[in-house]
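Colleague: I would like to go through this model with you. Could you take my questions in turn?

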Amino acid sequence: MEPLLQVNNLCLSVGPMGRRGAVVRDLELALQPGERLGLVGESGSGKSLTALAIMGLLSEAVTVESGEIRFMGNDLLRLDARAMRHVRGKEISMIFQEPLTALNPVMRVGEQIAEVLLEHRELSVRDARRKAVELLDLVGIRQPAESYARYPHQFSGGMRQRVMIAMAVACRPRLLIADEPTTALDVTVQAQIIDLLDRLQQETGVAILLISHNLALVGNFCNRIAVMYAGDVVETGECPDVLVHPHHPYTRALLDCLPAELDSAAGGERLNEIGGQVPAPADMAPGCRFAQRCSQALPSCASVLPPLRRHPERPGTSWHCIE
Ligand SMILES: Nc1ncnc2c1ncn2[C@@H]1O[C@H](COP(=O)(O)OP(=O)(O)OP(=O)(O)O)[C@@H](O)[C@H]1O
């Protein structure tokens, strides 16, 4: 099957000329129609920049050095601003960690949803309003007709995230990027938002790229996972394969940081942590960027990126390591 999204050799850098640091390096990602792919990694690994590159929303501080982002027959990196606006919102949409920053604070939420519909679909104002109310209902906002006229600050964080999701799915996109959609919410509301995404995904068949620090969440929600470290996808594969039989030392280290059981964590056992930090953009090593923190690293690892290895029986599983 032709992938819906195929990112090839994407390289992004930040910083002034002469001191640019590669924050995303030769990134390869593929997402099939209707698939759920989880992108995980510590803060600073390049997850959000990858998402923003797909959305065509990179700031001027970020340079696209090379690569292509193929989506529905186009390379998104080569579309002009007008064509990209057409794709964004209609074919690809995104929800963010903090909906307050994405919603317009001085515009009624229903009108914000109707605006997306009017921009991308040939609807009358009246029909767009009606559809916006339906969407508020679809995402579980009570009294949708009354809620249409409310402002973002009149909703709780979970309800605002529902409004964001209503806007994101308004035009039935083929790809939904969810960047830490539940991190700012309490656990009960997190579960409700994930249930909502799960239901909408099943009903609409939209593919989802879920960006998260939370391996357990990705393991439960996604089909496949890509583990990023300092700009590299170090390991990718089906969730059960990668999470049960991790090959890359970084994936193993991330999994070791998960509490084995809630009881043991509550009982005072210290949670593991990975010593050291993700390198800053200007300090990226030419080889494996995890080498400094890796107990199995060979002297050559920091200077030469270990080749990509593929699992002999699981072609979708690959990792960059000597092991
Ligand atoms: N506008 C920018 N200017 C300079 N550096 C940036 C900019 N945006 C991101 N970076 C740097 O690029 C690297 C990757 O950032 P990115 O936000 O993609 O990481 P992330 O994995 O999404 O982290 P988090 O989980 O904290 O959101 C980081 O080192 C970050 O400091």
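Colleague: What span should the 14 residues of helix α5 (residues 125-138) have at 1.5 Å a residue, and how far apart are its end C-alpha atoms?
Modeller: This is a predicted model, in which local features need pLDDT of at least 70, side-chain atom pairs count only at pLDDT 80 or more, and totals for chains, interfaces and linings use all residues. Residues are numbered from 1 along each chain as its sequence is written. Helices here are DSSP runs of H or I with at least four residues, strands are runs of E with at least two, and both are numbered from the N terminus. The expected span is 1.5 Å times one less than the number of residues, so α5 should span 20 Å, and its end C-alpha atoms agree, at 20 Å.

Colleague: Which residues are buried in α5, and what arc do they cover around the axis?
Modeller: A residue is buried if 20 or more other C-beta atoms, placed from the backbone, lie within 10 Å of its own, exposed if 12 or fewer, and partly exposed in between. In α5 this gives A128, A132, L135 and L136. They lie on the same side of α5, because the arc, taken from the directions from the helix axis to the C-beta atoms, is only 100 degrees.

Colleague: Which helices do the buried residues of α5 pack against?
Modeller: Contact requires C-beta atoms, placed from the backbone, to lie within 7 Å. The partners of the buried residues are α4 (109-120), α6 (144-147) and α7 (157-169).

Colleague: Is N9 buried or exposed?
Modeller: N9 is found in strand β1 (residues 5-14), and its phi is near 45 degrees, a positive value in a residue other than glycine. Most residues other than glycine have a negative phi. With 12 other C-beta atoms within 10 Å, N9 is exposed.

Colleague: And A230, buried or exposed?
Modeller: A230 is not a glycine either, yet has a positive phi of about 45 degrees. It is found in the loop between β9 (224-229) and β10 (232-238). There are 29 other C-beta atoms within 10 Å, so A230 is buried.

Colleague: Which helix gives the most to the shell around the ligand?
Modeller: A residue counts as near if its C-beta atom, placed from the backbone, lies within 6 Å of the molecule. Of the 14 residues around the ligand, S43, K47, S48, L49 and A61 come nearest. With three residues, the helix that gives the most to the shell is α1 (residues 47-55).

Technical notes
Two residues are in contact if their C-beta atoms, placed from the backbone, lie within 7 Å.
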